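Please examine the structure shown below. The paragraphs that follow begin with a single residue and then widen to the whole protein.

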Amino acid sequence: LIARMLDDRNYLVRCEAYDALIEIESFKEIDILLKHLRKERSSMARMHAVAAICEKLDADKTHESVIQSLKELFEQEKATRVSIAYYALFYKIEKQGKFVDLTLGYLDDADYHIRLNVINLLHDVTDENVAHHLLDEYMSRYQTEESRSVKTLLEDEIGYLENFNQ
């Protein structure tokens with residue numbers, strides 16, 4: 001039922017469906033998510049689709065053809081929010097800090113929604129290799145952040161990162 005909602009006309013329904021599939025542990029159908037990502041018109045829904053793929057992807061067991069498809073889709077992407085989701089995904093796959101740094105570069109974006117996306121998407125790929133770096137960046141950003149919603153999310157994420165390795 002939820003997978004069928006990926007074809008709904010309303011992009012918000014599709015966003016919610018992508019998010020719901022993340023929560024269903026038994027759902028491992030990367031091919032279904034990839035198929036819908038290829039045809040997705042809404043940048044918001046594409047961001048949710050990439051985030052769902054990121055959550056469901058087992059980087060150690062992913063076929064090279066899937067990774068190649070994702071890279072090709074990324075090359076065509078023009079929306080900032082979706083590019084950020086791809087950077088988080090590529091960090092999960094390749095474990096290269098450059099993808100985290102590319103994502104963090106958007107913490108200075110004028111649109112507070114983009115700054116929220118950065119924090120939320122990096123949360124999903126945080127590991128021991130980047131936790132300290134993220135903590136430093138978020139603490140620095142907190143000092144200059146003017147948006148209350150971003151500041152609140154930064155507070156939560158700073159608390160999470162301070163306890164990450166304990």
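His 48 counts as buried, at 16% relative accessibility, where buried means under 20% relative accessible area, exposed over 50% and partly exposed in between (1.4 Å probe, protein chains only). The model is a predicted one, in which local features need pLDDT of at least 70 and side-chain atom pairs count only at pLDDT 80 or more, while totals for chains, interfaces and linings use all residues. Residues are numbered from 1 along each chain as its sequence is written, and side-chain values use heavy atoms, with hydrogens and water left out.

His 48 lies in helix H3; helices (H or I, at least four residues) and strands (E, at least two) are DSSP runs, numbered from the N terminus. Leaving aside neighbours within four places in sequence, His 48 is in contact with Cys 15, Tyr 18 and Asp 19, contact meaning heavy atoms within 4.5 Å.

His 48 also belongs to the lining of the largest pocket, as does Asp 19. On a 1 Å grid over the protein atoms alone, a pocket is an open set of points where a 1.4 Å probe fits, with protein on both sides within 12 Å along at least five of seven lines, and lining residues have an atom within 4 Å of a point. The volume of the largest pocket is about 250 Å³, a volume being the space filled by probe spheres set on the points, which are joined across faces, edges and corners. Helix H1 (11-23), helix H3 (43-56) and helix H7 (112-123) are the elements that give two or more residues to this lining. H3 gives the most, with four residues.

A separate feature is found at Lys 95, in the loop between helix H5 (80-94) and helix H6 (97-104). Lys 95 has a positive phi of about 55° although it is not a glycine. Most residues other than glycine have a negative phi. Lys 95 is partly exposed, with a relative accessible area of 44%.

Buried residues make up 48% of the 166 residues. Among contacts between residues at least 6 apart in sequence, 60% join residues at least 24 apart.
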